[in-house]
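Take a look at the sequence and the fold, then read on.

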Amino acid sequence: MAEISSIFAATVRVVSQALMIFGGVVPYIPQYLIIKSSQNAEGFSNYVCLTLLIANILRVEFWFGKHFETPLLVQSIVMILSIKITLLKMKKTVIVSSPGKLIIGGEHAVVYGRRALVTSIGMRLYMQLTEEEQTNESTSPLLKVSFQDTNQQHLIDLSNIQNSYPIEIQGILFVYNRFKSFVSDRSQLNIQVHSEIPIGAGLGSSAAFSVCLVGCFYLLYHKTLNREDINELSYKVECIFHGTPSGIDNTISTYGQSLVYCRAVKKHINFRLSNLAIIDTGIPKSTKRMVELVRLFVESNQQEGERILNDVERCVDSMIEHSEQIGQLFQENQQLLKCLGVSTLEIDNIIEILAKKNILAKITGAGGGGCLIALTSCFTKDQILDLLQDNHIKSIAFVECGVEGLREEQTF
Ligand code: MEV
């Protein structure tokens with residue numbers, strides 16, 4: 001009998017010591033499982049972890065001063081190890097989105113310090129950035145980029161960067177370089193991109209990409225979306241893509257709404273247009289090439305160039321003050337863009353056909369192809385497509401204007 005009770009007492013002692021040792025980490029298990037399944041560590045407080053970590057380290061230190069019960073010492077060691085493992089294993093994920101844009105008036109002239117009017121549109125680019133521990137034995141950080149819309153993937157060893165990457169990857173590597181001190185050698189960065197904004201159509205897809213890219217890194221490593229800093233750095237990414245842009249595209253994508261923009265200074269205005277159709281000509285264009293073309297024109301025709309640029313600015317001022325005349329002002333701005341050499345025969349032809357039906361249109365963005373904006377009070381998408389059936393129009397959309405800029409998203 002005495003033997004049974006001593007076995008029982010020993011069992012109780014071992015069980016209670018085990019409970020003491022492992023009891024502290026049990027509350028972490030459900031949280032760990034939620035983080036693992038949702039791949040999102042939101043709600044998991046690093047500060048609570050830090051407090052527990054310090055408390056347990058102190059407790060271990062006390063043991064060296066005065067030996068207390070061994071299970072309590074082991075409990076602290078188990079706690080320290082499990083917090084460390086949870087923090088290391090934890091994937092860090094952020095998702096942001098930012099909008100495309102329409103330049104209502106003043107494109108190209110804005111590169112020369114003239115005022116331009118721009119509005120954000122309800123087409124967004126979404127980007128997810130995750131930092132996780134690598135599963136393989138590599139000792140250098142890795143970058144995996146997935147463009148979901150085109151099914152393109154790139155896997156890059158960040159300790160061995162080449163010069164021959166596609167331009168978007170060069171942009172990503174530029175931003176990574178700014179943040180690389182935060183990234184450990186055992187990390188893998190995953191970037192996923194999905195966009196509603198057509199690429200190379202003058203609707204600001206590259207600016208939305210630059211803004212989201214910088215936004216993701218800011219949110220992951222600085223835990224905030226500081227718009228001023230993000231706008232400044234995304235301008236530098238835009239320079240990689242387009243040479244010497246004015247900064248209007250990244251600024252509207254960062255701040256959203258509608259803006260009058262001039263020499264890096266923005267002024268929010270209450271500007272909304274209903275019945276604004278975006279006509280995608282489907283003709284590919286390069287912003288960099290068009291900006292270069294205008295530069296050549298302005299440099300070799302200085303007086304005329306200056307006159308045109310001033311006329312564009314006057315036209316923009318009228319758009320702001322007399323929005324009821326916006327249709328005519330579209331036509332005026334379009335004529336000036338034509339003088340700068342950024343219209344094409346196809347675009348002129350489309351604009352002429354539309355004008356016959358009193359649909360007043362102009363290029364939006366760099367020109368040379370891409371999109372037109374058209375004011376139409378009574379035509380539907382299909383009716384406009386019918387009018388332009390010989391012009392191989394890619395798409396027509398009516399979009400919301402003046403939407404929110406860069407923002408954090410919860411899910412794709
Ligand atoms: C491109 O969206 C607008 C341009 O004026 C170029 C720029 O401002 O950087 C053509």
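## H7 against H8

Helix H7 (residues 227-242) packs on helix H8 (residues 248-255) with the axes 9 Å apart and an angle of about 145 degrees. Axes here are lines fitted to C-alpha atoms, for helices over the stretch in contact, with angles running from 0 to 180 degrees between N-to-C directions. Helices are DSSP runs (H or I, at least four residues) numbered from the N terminus.

On the H7 side, Arg227, Glu228, Asn231, Ser234, Tyr235 and Glu238 meet Asp249, Asn250, Thr251, Thr254 and Tyr255 of H8 (contact means heavy atoms within 4.5 Å).

## About the model

This is a predicted model, where local features need pLDDT of at least 70 and side-chain atom pairs count only at pLDDT 80 or more, while totals for chains, interfaces and linings use all residues. Residues are numbered from 1 along each chain as its sequence is written, and side-chain values use heavy atoms, leaving out hydrogens and water.

## H5 and H6

The axes of H5 (residues 167-179) and H6 (residues 205-222) come within 10 Å and cross at roughly 25 degrees. That makes the two helices roughly parallel (angles under 35 degrees).

## Around the ligand

Residues surrounding the ligand include Lys101, Ile103, Pro245 and Ala366 (a heavy atom within 4 Å).

Asp249 has a polar side-chain atom 2.8 Å from an oxygen atom of the ligand, and a polar backbone atom of His108 is 2.9 Å from a ligand oxygen atom.

Technical notes: Angles under 35 degrees count as roughly parallel, over 145 as roughly antiparallel, 65 to 115 as roughly perpendicular and the rest as oblique. A polar contact is a pair of N or O atoms within 3.5 Å; within protein, one must be able to donate a hydrogen and the other to accept it, and residues adjacent in sequence count only if both atoms are side-chain atoms.
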